[in-house]
Amino acid sequence: MKINLKVTADFDLDGKIMPRAIEWEDGRVFAVDRVLDVRRAASLKAGGVGMRYICRICGKTVALFNDENKWFMEGKDN
């Protein structure tokens, strides 16, 4: 399941994108404490291929995906 998110990001002079904050579905905003890894990868749970950002947010390591400028995280399957 995809959880679509609003993301605040910085773009450097080379066009690289770095997420700085995410806005959750209910409007809460969480800062990205650190980006640990960036690489092209598929979301095996939610589908889609794009850039995967492994981030530290509120002390947890999460995978944040950017697929054609649409940001999402993998949700738990029910």
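I looked up I54 and found that its bridge partner in strand 6 is A63. Strands here are DSSP runs of E, at least two residues long, numbered from the N terminus. The model is a predicted one, in which local features need pLDDT of at least 70, side-chain atom pairs count only at pLDDT 80 or more, and totals for chains, interfaces and linings use all residues. Residues are numbered from 1 along each chain as its sequence is written, and side-chain values use heavy atoms, with hydrogens and water left out.

I then followed strand 5 (residues 49-57), which pairs with strand 6 in the antiparallel sense over seven bridges; two strands pair if DSSP finds at least two bridges between them. Their hairpin has two residues between the strands, and C58 takes a positive phi near 55° there.

Next I examined strand 7 (residues 70-74), which runs antiparallel to strand 6 and is joined to strand 6 by four bridges. I noted that F72 is the bridge partner of F65 and that M73 is the bridge partner of L64. In this hairpin, also with two residues between the strands, E68 takes a positive phi near 55°.

I turned to N66, which lies in strand 6 (residues 60-67). N66 counts as buried because its relative accessibility is 7%, buried meaning under 20% relative accessible area (1.4 Å probe, protein chains only). Beyond its neighbours within four places in sequence, N66 is in contact (heavy atoms within 4.5 Å) with I17, G50, M51, Y53 and W71.

Finally, I recorded the open sheet of seven strands, ordered 3-2-1-7-6-5-4 with antiparallel pairing. Strand 3 (29-31) and strand 4 (34-42) each have a single partner strand, so one side of each is left without a neighbour in the sheet.

How values were computed
Buried means under 20% relative accessible area, exposed over 50%, partly exposed in between (1.4 Å probe, protein chains only).
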